Amino acid sequence: MKETNGLKGCIEFLIKCDDMKDIERRNLNISSRRRENDAEHSWSLSMMAITLYEFAAEKVNLERVLKMVTVHDLVELYAGDVFAYDSERNIGKAQREAEAADKLFSILPEYKGTELRQLWEEFDRMDTPDSRYAAACDRLQPLINNFFTEGHTWQQYGVYPDSVLKRNEVVKTAIPDMWKVVEYFVAEGKRLGYFDKALKK
């Protein structure tokens, strides 16, 4: 249902979302070897969700999944990006992101802001087939990028192979056929020395 004066908020929200292109992540893009940004990450997840859809273990609503992977990192517009394996910076992350969500989604007309906020929360909970599939894509994308950039962030931040496996566990549930790929990339990454910084401490 449209709100009479909702267009102004929608435009303001879209302008703010353009800043996603300026939020750098730790991963590198595979070809250019420059750091990817949040907008590129979200686009990659959309392509992954579309491409791997037939391999999902549970029946999923692709439209809802695409919305989730598009909005899942929007709170970083205010909360900033936190590296998944940085235990110190992850302290208090949930509270910071909840406050960012309050600020961001309130820009929109209430009905639209509520919808996107609920999708964002569902993604984080990973308690539905749609959110588990979306989260699995979110875990797989940096794994693939890391493997094909010689373990760039794994090496830089001293990430352990077991930590990568643990973070990707949702893949085992949501896209079981891809779990063998996860195990292969981690095992091969160990063989090629992509985890040496952590393993040789």
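Modeller: Let's start with a term: a pocket is an open set of grid points with protein on both sides within 12 Å along at least five of seven lines, and its lining residues have an atom within 4 Å of a point. Keep in mind that this is a predicted model.

Colleague: Which residues line the second largest pocket?

Modeller: Its lining is made up of Phe13, Leu14, Cys17, Met20, Ala39, Ser42, Thr70, Val71, Leu74 and Leu116. Two or more of the lining residues come from each of helix H1 (6-17), helix H2 (38-51) and helix H3 (62-71). H1 gives the most, with three residues.

Colleague: And how does that lining divide by class?

Modeller: Eight are nonpolar and two polar, with no charged residues.

Colleague: Now the largest pocket: what is its volume, and which residues are closest to its centre?

Modeller: The volume is about 610 Å³. Of the 31 lining residues, Ala84, Lys93, Asp138, Arg139 and Arg167 are the closest to the centre.

Colleague: Which elements give two or more residues to that lining?

Modeller: Strand E1 (24-28) does, along with helices H5 (93-105), H6 (110-125), H7 (129-147), H8 (152-157) and H9 (161-167). H7 gives the most to the lining of the largest pocket, namely six residues.

Colleague: How many charged residues does the largest pocket have in its lining?

Modeller: Eleven, beside 13 nonpolar and seven polar ones.

Conventions. Residues numbered from 1 in each chain as written. Predicted model: local features only at pLDDT ≥ 70, side-chain atom pairs only at ≥ 80, totals over all residues. Heavy atoms only, no water. 1 Å grid on protein atoms, 1.4 Å probe; cavity = no way out; pocket = protein on both sides within 12 Å on 5 of 7 lines; lining within 4 Å. Points joined across faces, edges and corners; volume = space filled by probe spheres on them. Helix = DSSP H or I, 4+ residues; strand = E, 2+ residues; numbered from the N terminus. Nonpolar A, V, L, I, M, F, W, Y, C, P; charged D, E, K, R; others polar.
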